[in-house]
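Subject: Structure handover

Hi,

Here is the structure I promised to pass on. Please open it alongside this note; my findings follow below.

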Amino acid sequence: AGLSREERAAVEEGVRRLTHTVSDCEKLRCTPIPLSYSRHTSRFFTLFALSLPLALIQDMSAWLVAPVVMLVSWILFATEEIGLIIEEPFGRGLGQDASVPVVVTEERLREAFDHYDVDRSGSIDKTELFLALQRLGVEVPADEIESLVADYDDNDNQLIEYGEWRGLIGGLERRPFADASPQDSEGAPGTP
């Protein structure tokens, strides 16, 4: 059953809009939240919880101050924890254990590489490498990207080709990182 020109144009427009939406979701998923936001909120809640008894002691019985402070503190810190969980809208939420290793197949390797090799040059730069690793679920601090490129860039062009990419992913399983939390990276290399 052939499609008319108008139907084909409508299908192509629908695919274009869907592709644009998926691209926007991918950008959202790969944008790390700066650690300073979380730290600032945590420090503020801690100071608030520590100063709350001083404000409450004037207006209520001393016996009620401790339970009220505990309840308010629990509510604040639980809300903060929920906020940290929803910072990762597409993964590693409540139901996922971060200690479970991510299975990386050849297909996922190629998909992640090709997704960030936008110009189809066969290579990705440092920022694209950071984002591709996140797409695979491999948590590498942003400040480790420079040393990864230096270690796996066989032709010293500051780019990672697909062969180097495969070696890099294999090497990551054996490489220790000081702290591989995605929240500890202030952003992708080369981004503000």
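Q158 sits in the loop that links α6 to β2. Its phi is near 65°, a positive value in a residue that is not glycine. Most residues other than glycine have a negative phi. At 43% relative accessibility, Q158 counts as partly exposed. D156 belongs to the loop between α6 (145-152) and β2 (160-161) as well. Phi of D156 is near 55°, again positive without being a glycine. D156 counts as exposed, because its relative accessibility is 63% and the cut-off is over 50%. Keep in mind that this is a predicted model.

Overall layout

The protein has seven helices and two strands. Along the sequence they run α-α-α-α-β-α-α-β-α. There are 192 residues, and 28% of them are buried. The accessible surface comes to about 12700 Å². Carbon and sulfur atoms account for 60% of that surface. Take the contacts between residues at least 6 apart in sequence: 65% of them join residues at least 24 apart.

Confidence

Mean pLDDT for the protein is 76. A value of 70 or more is reached by 79% of the residues. Which helix has the highest confidence, and which the lowest? Helix α3 is highest, at a mean of 89. Helix α4 (residues 106-116) is lowest, at 77.

Two stretches need care. Over residues 93-98, pLDDT stays under 50. The model has five contacts beyond four places in sequence for residues 93-98. Over residues 176-192, pLDDT also stays under 50. For residues 176-192 the model has 38 such contacts beyond four places in sequence. Where pLDDT is low, the predicted coordinates should not be read in detail.

Helix α3

This helix covers residues 62-86, which is 25 residues. At 1.5 Å a residue, α3 should span 36 Å. Its end C-alpha atoms are 37 Å apart, which agrees. V65, V69, S73 and E80 are buried in α3. The partner for the buried residues of α3 is α2 (35-56), against which they pack.

G83 also lies in α3. At 25% relative accessibility, G83 counts as partly exposed. G83 and S38 are 45 residues apart in sequence. In space their C-alpha atoms are 9.1 Å apart.

Strand β1

S123 lies in strand β1 (residues 123-124). Is S123 buried or exposed? S123 counts as buried, because its relative accessibility is 10% and the cut-off is under 20%. The side chain of S123 makes a polar contact with the side chain of S121, at 3.2 Å. Beyond its neighbours within four places in sequence, S123 touches F113, D117, E128, L159, I160 and E161.

Helix α5 is largely enclosed by the rest of the structure, because nine of its 11 residues are buried. Those buried residues are K126, L129, F130, L131, A132, L133, Q134, R135 and L136. At the start of α5, a side-chain oxygen of D125 comes within 3.2 Å of the backbone nitrogen of T127. Just after α5, G137 has a positive phi of about 85°.

A142 is in the loop between α5 (126-136) and α6. At 14% relative accessibility, A142 counts as buried. A142 and F130 are 12 residues apart in sequence. Their C-alpha atoms are 6.9 Å apart in space.

Helix α6

Which residues of α6 are buried? They are I145, L148, V149 and Y152. These residues cover an arc of only 95° around the axis, which puts them on the same side of α6. An α-helix has 3.6 residues a turn, so residues three or four places apart point the same way.

- Residues 93-98 have pLDDT under 50.
- Residues 176-192 have pLDDT under 50.
- D156 has a positive phi, near 55°.
- Q158 has a positive phi, near 65°.
- Helix α5 has nine of its 11 residues buried.

Best wishes

Definitions and conventions: Residues are numbered from 1 along each chain as its sequence is written. This is a predicted model: local features need pLDDT of at least 70, side-chain atom pairs count only at pLDDT 80 or more; totals for chains, interfaces and linings use all residues. Side-chain values use heavy atoms; hydrogens and water are left out. Helices (H or I, at least four residues) and strands (E, at least two) are DSSP runs, numbered from the N terminus. The expected span of a helix is 1.5 Å times one less than its number of residues. Buried means under 20% relative accessible area, exposed over 50%, partly exposed in between (1.4 Å probe, protein chains only). Contact means heavy atoms within 4.5 Å. pLDDT is the predictor's confidence in each residue, from 0 to 100. A polar contact is a pair of N or O atoms within 3.5 Å; within protein, one must be able to donate a hydrogen and the other to accept it, and residues adjacent in sequence count only if both atoms are side-chain atoms. Accessible areas come from the Shrake-Rupley method with a 1.4 Å probe; for residues, only the protein chains shown count as cover. The arc is that of the directions from the helix axis to the C-beta atoms.
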